[in-house]
Amino acid sequence: MTMNSTGRPTSITSAGGGAADTVSGSKGLLQAEGLLFEIGSTAKTGVDLPAPKGTKDRLGGVTRKASSNLPGLSEPEAVRHYVRLSQKNYAIDLGVFPLGSCTMKHNPRLNEKVARLPGFADVHPMQPQATVQGALEVIEELAHWLMTLTNMPAVAMSPKAGAHGELCGMLAIRAALRARGEGEKRKRVLVPVSAHGTNPATAAQCGFIIDEINAAADGRVDLEDLKSKLKDSSDIAGIMLTNPNTCGLFERDIVKIAELIHAAGGYFYCDGANFNAIVGRVRPGDLGIDAMHINLHKTFSTPHGGGGPGSGPTVLSKALAPYAPVPFIVKTADGLRFVEHHSDAPDSFGRMCAFHGQMGMFTRALAYILSHGADGLRQVAEDAVLNANYILARLKGVMSPAFEGYCMHEALFSDAFLKGTDIETIDIAKGLIDEGYHPMTMYFPLVVHGAMLIEPTETESRAELDRFCDALASIARRATQKDPSLKTAPHLAPAKRLDETRAARSPRLKWTPEAPTLKAAE
Amino acid sequence: MRYLPLTADDRTAMLKTIGAKSVDDFYGDVPASARLKGPVAGLPNHQGELAVERHMSKLAAKNRPASDGRFFVGSGAYKHHIPASVDHIIQRSEFLTTYTPYQPEIAQGTLQTMFEFQTQVAALTGMEVANASMYDGSTACAEAAVMACRVTKRNTVILSGGLHPHYADTTRTLCEAAGIKVVQLAPVLDGELDLAKAVTEEAACVIGQSPNVFGTVTDLTPVADAAHAKGTLLVSVFTEVVSLGLVKPPGEMGADIAVGEGQSIGVPLGFGGPYVGLFTCRSKFLRQMPGRLCGETLDADGKRGFVLTLSTREQHIRRDKATSNICTNSGLCMLAFTAHMTLLGDKGLTQLARLNHEAACDLADALGAVKGVKVLTPRFFNEIAFETPKPADAVLAALEKHDVIGGVRASRLFPGAGLDNVVVAAATECTTQDDINSYAAALAEVLK
């Protein structure tokens, strides 16, 4: 080691190898942080409230006996607690987040700003409707865009997430079948094996019976299998089909499928999770669908927030529109008004949630849509698809594309290139973590063995994509060379691989003073 | 375009690498009849940040924020003060712009906050286990009804007349689709204990609310006892979570499942959403529970860590046999809740609850002193129902002219139920004595 005249080292020491365990448990910028229940205290609070006057209570004796014993923290401690925890998270603001079918794109900060305007954030869902006309206009304006972009005549705005939108669509189909007097007879819903799990779960929740359709060798619906399932069509309620599908492919027979399902007396539910691939280039209404939810948090970039809140407005065809849930907005002489009660809309299948839907997501999505405009949204789809095809092209030599040809917005690989090694899809995923990336979606869709589904979105630059592809290609090469270190990756993340079996075997779902923490088996 | 990093040169170079002539090649599977030649017709093109902000601000300015003056609307969503640090915390990029923690090694931040949230919610409600949140209180209530049917293998649910009507409607929608019979008791101000008489051996659960939609607080213990005697579960609902700082929590009343709205802690009114549904139950029903759960475990070095767990209940594994189709929680609102709750602690929450209750006591006294007004709610937390000699819609409209947003008319909640002269009004720590005095004075004027 060289020193300058004051004894300060001027070069990095070469002594020592890996980082030693520290006394504090912190590692440089990464701070150790205990549980709230270990660092907080019931004597502490981070709020200053006026002292109560001591009025005699009017609770009629219905009072809490045991204290919650929840610890508090002062504001500086609380802010540190959450900032330290935040640093253990990966995020789209840090780098490529290529989770296929999840659409992790940049969240414009203008949208956060407008959602926080007091006129949107500080208005009550039950205050007089004349005092919230601007809020109703936001809903109407967003609805207009969604209907125009999809070429559909109606949209239900209240569903609170994608799966809730699926429920909306399937409840509308159920109501339409019942109105035809065929509710009891038509119970069978066709769902491709490649479908997201929410599709069969939703259909089952509505009392339908799921009949799976096979995938063809090219990753699309097997049309012959579909036709055979429609031979006796008297019990057919409809089909739930994702387009572009979960393999990242456009269902090229979709118009034919719509015709077949309609001829069979059923309805066509299109899962719109991947609408971002076609927005501005294809209007789903031109494909013959009857209902489709739109994940505002995907296509229109409202933040994912670590697992919600989402928002799932659902467009409906003329055949299903009368059954849309309450509340919905109508124009009156006094301005915009909600129809809130089932009794005022007897055909409606009812209410799906307490108020009017995810208003905070509507304002963000509308700001996103207005920023992009009709031309920009088309560019969004094209760039998303271009970026995915670029990844496919750059990696097809070292990994195994699941299907021939171009993809839409996501590139799907199988684990075929790992044959003969003991490396598995999960090891590739964990290896990416050490390279500073969030892994791709793994083991989904189920129709591809060891699936790796990569969705870059349109908000990645070419330079970012190149760095990502270089990293993933090097991992793929290490895998084919049977690099054992991949089996224990990640090595550089805030945590090592976690024991999920242990978590499920004897679930510990909250902290308790009696057993404050798990101990490693000796 | 400011959100799109690719340049025209990038696009050309990338197409060359791919070996495609244009992006049209990628859309080759789209049927010719559905291919659009250019941008969707009839919609404007892109705009700069300034123009969009102006447009949105103009729309926002047409609404009257709750903070702008005297505001007494409750009925399932409550105006509370949120500490400034809460919004700062949820805007951290690492929380705001991350996904469901499917890769736990790089999501311990989200997972630990989930674990802390579950612990806080269990302690607040006095229940054994809590999940990592639902969309909102109403959908949590609907899921609780369906879960009770799974647990008991019965097919009828009974709803109290004091259950928020939107919760009842949401529950009815989900139950009817699943072939579950719903029995609805008539709206009664102080009728939660009627559930004890209504319970039958066919009922999977009875659903009661405290404080209920009229503000009435009720000890549901007799309902729990009557239900359990018939093998029926008690689902206990709350829409004002701050009440749990003072009022008997569901766990002390023998509830089997307790659900509610968490908006009051950390989440702005936001015109009804997004909010955060709280869902709790007895440990023995854990595997029938809907929604995401976070559990503690160890990593390969033997260090504590957290993962999503018991996912064999969920749709991505169980598909049509799942306990629910739910695929998200209300992640960011959950974070806001847990951060605000951490700032409060038991000490802050108890004090906050007292302030809310005292404000409501003052409101009840002030309005009750107005000639012709009768406060109907016998025991309350921060919300009351009162009757006026005139129809409530006219009274509220007249109050608006005095710049008092006086509450919700009961006929908006229960149309045709003969409650035309009843108003439901809430007071919180944001309500000042001056607000209350102005309300009483304006009401006296309106009823003159």
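**Domains, sheets and the chain contact**

Analyst: Start with the domain assignment of chain A: it gives domain 1, residues 113-369, and domain 2, residues 375-493. Keep in mind that this is a predicted model.

User: How many Å separate the centres of domain 1 and domain 2 of chain A?

Analyst: The centres, taken over C-alpha atoms, are 30 Å apart. In the contact, domain 1 of chain A puts in 18 residues and domain 2 of chain A puts in 20. On the domain 1 side, nine of the residues are nonpolar, seven polar and two charged.

User: OK, sheets. In what order do the seven strands of the open sheet in chain A run?

Analyst: The order is β1-β7-β6-β5-β4-β2-β3 in chain A, with mixed pairing. At the edges are β1 (154-156) and β3 (209-213) of chain A, and each pairs on one side only. Ignoring direction, neighbouring strands of this sheet are turned by 25° against each other on average.

User: Which strand does β1(A) pair with, and in what sense?

Analyst: With β7 (residues 314-316) of chain A, in the antiparallel sense, over three bridges. A:V155 sits opposite A:V315 of β7(A).

User: Which strands does helix α7 of chain A touch?

Analyst: Helix α7 (residues 198-205) of chain A packs on the sheet and touches β2 (188-192), β3, β4 (236-242) and β5 (267-271) of chain A. Its direction makes about 170° with that of β2(A). Then there is helix α9 (residues 254-263) of chain A, which lies across β4 and β5 of chain A and runs at about 165° to β4(A).

User: Back to β5(A). Are its residues buried or exposed?

Analyst: Buried, five of the five, so β5(A) is largely enclosed by the rest of the structure.

User: Which way do the residues of β5(A) point?

Analyst: A:Y267, A:Y269 and A:D271 point one way, while A:F268 and A:C270 point the other way.

User: New topic. How many residues does the contact take from chain A and from chain B?

Analyst: 180 residues from chain A and 169 from chain B. On the chain A side, helix α10 (residues 359-395) of chain A gives the largest share, 22 residues. By class, that side has 87 nonpolar, 58 polar and 35 charged residues.

User: In what order do the four strands of the open sheet in chain B come?

Analyst: β11-β12-β15-β14 of chain B, with antiparallel pairing.

User: Why is one side of β11 and of β14 of chain B left without a neighbour in the sheet?

Analyst: Because β11 (374-375) and β14 (408-409) of chain B stand at the edges, each with a single partner strand. β14(B) pairs with β15 (residues 422-426) of chain B over two bridges. B:V408 stands opposite B:V424 of β15(B).

User: Which helices go with that sheet?

Analyst: Among them, helix α12 (residues 392-401) of chain B packs on the sheet, touching β14 and β15 of chain B, at about 45° to β15(B). Helix α11 (residues 331-368) of chain B lies across β11, β12 (383-387) and β15 of chain B, running at about 10° to β12(B).

Methods: Residues are numbered from 1 along each chain as its sequence is written. Chains are lettered from A and ligands numbered from 1 in the order in which they are written. This is a predicted model: local features need pLDDT of at least 70, side-chain atom pairs count only at pLDDT 80 or more; totals for chains, interfaces and linings use all residues. Two strands pair if DSSP finds at least two bridges between them. Axes are lines fitted to C-alpha atoms, for helices over the stretch in contact, and angles run from 0 to 180 degrees between N-to-C directions. Two residues are in contact if their C-beta atoms, placed from the backbone, lie within 7 Å. Domain bounds come from an automatic or database domain assignment. Ala, Val, Leu, Ile, Met, Phe, Trp, Tyr, Cys and Pro count as nonpolar, Asp, Glu, Lys and Arg as charged, and the others, Gly among them, as polar. A residue is buried if 20 or more other C-beta atoms lie within 10 Å of its own, exposed if 12 or fewer, and partly exposed in between; C-beta atoms are placed from the backbone.
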